[in-house]
Amino acid sequence: GGSSRWRRAAMGLSPGGSLALCIVTSASAGIGAAFFGCLVSSANKQKKANGGNHTKSTSRQLVVGIIGQTLFGLGSIVGLFFGPITLVTVIRAGSLLPANAFCAHLFHLRPLVRDDYLGTLTCVSGVVCFANFQGPPGKALTRDLFLRDLATPWSISFNAALFLLMIVGFLGMRASDLETSIKLVPVGPTAKAFFVAVVIGCASSFMDVAC
């Protein structure tokens, strides 16, 4: 929007240069988040194989993974200095999913299967199409107008429902990890993947509103 154009002009960047930096920084944030996320998962996998206890190596791996996830998560904001949030979100998500599948194979978390290749092709195609045909950004939203819209009953109801959905997704994720407790509703791998997707989608939506 207008703020991106102002920052781009202040840095002396051309529209093409700004777009390139937006794509590079957003894609790097997605790839980095996937890599360090799989690093954390690998540490937890080794912990289970070690009887539920971390070794010095897996403890360091866990700390590095958490720090890396945090840094690359915040790195998503960098792309907003060079392009609109719609492009940043799509590029980050489009790079995160294929990178996550590749890094999961790299850390021996799961093998690559046909669906991974098809999903990667779909993500890359979607990102390319969006980047080429998204059109010019919409009119910049002022602070007063944003706060006014945020306080409307429809906005409050939607955000409350989104927050409730994220809590339900989080509880569903936790339920799948409770191996020794009595489960009221069994949560299989497919259901867990669904709950994870719900939490990620809701958290991404709240990030878009905050930015």
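User: Why is F35 called partly exposed?

Analyst: This is a predicted model, and F35 has a relative accessibility of 31%. Buried needs a value under 20%, and exposed needs one over 50%. The 31% of F35 falls in between, so F35 counts as partly exposed.

User: Is F107 buried or exposed, and how do you know?

Analyst: The relative accessible area of F107 is 17%. Buried means under 20%, so F107 is buried.

User: What makes F35 and F107 an aromatic pair, and why is the pair called tilted?

Analyst: Start with the general point. A pair of aromatic rings is described by the distance of the centres and the angle of the planes. The ring centres of F35 and F107 are 5.4 Å apart. The limit for a pair is 6.5 Å, so these rings pair. Their planes stand at 55 degrees. Under 30 degrees would count as stacked, and over 60 as edge-to-face.

User: What makes the pair of F35 and F107 a tie between separate parts?

Analyst: Look at where each residue sits. F35 is in helix α2, residues 15-49. F107 is in the loop between α4 (85-106) and α5 (114-133). The parts are 72 residues apart in sequence, so the pair ties them together.

User: Which other residue of that loop has a label to explain, and why is it called exposed?

Analyst: H108 also lies in the loop between α4 and α5. Its relative accessibility is 63%. The cut-off for exposed is over 50%, so H108 counts as exposed. Phi of H108 is near 60 degrees, a positive value in a residue other than glycine.

User: How do you know how α2 and α4 cross?

Analyst: Their axes come within 7 Å and cross at roughly 35 degrees. The crossing of α2 past α4 is right-handed. Residues on the α2 side of the contact include L19, C22, A27 and F35. On the α4 side they include L87, V88, I91 and C103.

User: What makes up the largest nonpolar core?

Analyst: It has 8 residues: C22, A27, L80, F82, L87, V88, I91 and V127. Members of such a core must be buried and joined through side-chain atoms within 4.5 Å. The elements giving two or more residues to this core are α2 and α4. α4 gives the most, with 3 residues. Another core, of 6 residues, lies apart from it, and F36, C38, C103 and A104 are among its members.

User: Why is A175 called partly exposed?

Analyst: A175 has a relative accessibility of 21%. A175 sits in helix α7, residues 153-177. The C-alpha atoms of A175 and K192 are separated by 8.7 Å, and these residues are 17 apart along the chain.

User: What is the pattern of the protein along the sequence?

Analyst: The pattern is α-α-α-α-α-α-α-α. That goes with 8 helices and 0 strands. Of the 211 residues, 27% count as buried. Among contacts with a separation of 6 or more, 72% join residues 24 or more positions apart. The accessible surface comes to about 13600 Å², and 71% of it belongs to carbon and sulfur atoms.

Notes
Residues are numbered from 1 along each chain as its sequence is written. This is a predicted model: local features need pLDDT of at least 70, side-chain atom pairs count only at pLDDT 80 or more; totals for chains, interfaces and linings use all residues. Side-chain values use heavy atoms; hydrogens and water are left out. Rings of Phe, Tyr and Trp (its six-membered ring) pair if their centres lie within 6.5 Å; planes under 30 degrees apart count as stacked, over 60 as edge-to-face and the rest as tilted. Helices (H or I, at least four residues) and strands (E, at least two) are DSSP runs, numbered from the N terminus. Buried means under 20% relative accessible area, exposed over 50%, partly exposed in between (1.4 Å probe, protein chains only). Contact means heavy atoms within 4.5 Å. Accessible areas come from the Shrake-Rupley method with a 1.4 Å probe; for residues, only the protein chains shown count as cover. Axes are lines fitted to C-alpha atoms, for helices over the stretch in contact, and angles run from 0 to 180 degrees between N-to-C directions. A crossing is left-handed if the near helix is turned anticlockwise from the far one by less than a right angle, and right-handed if clockwise.
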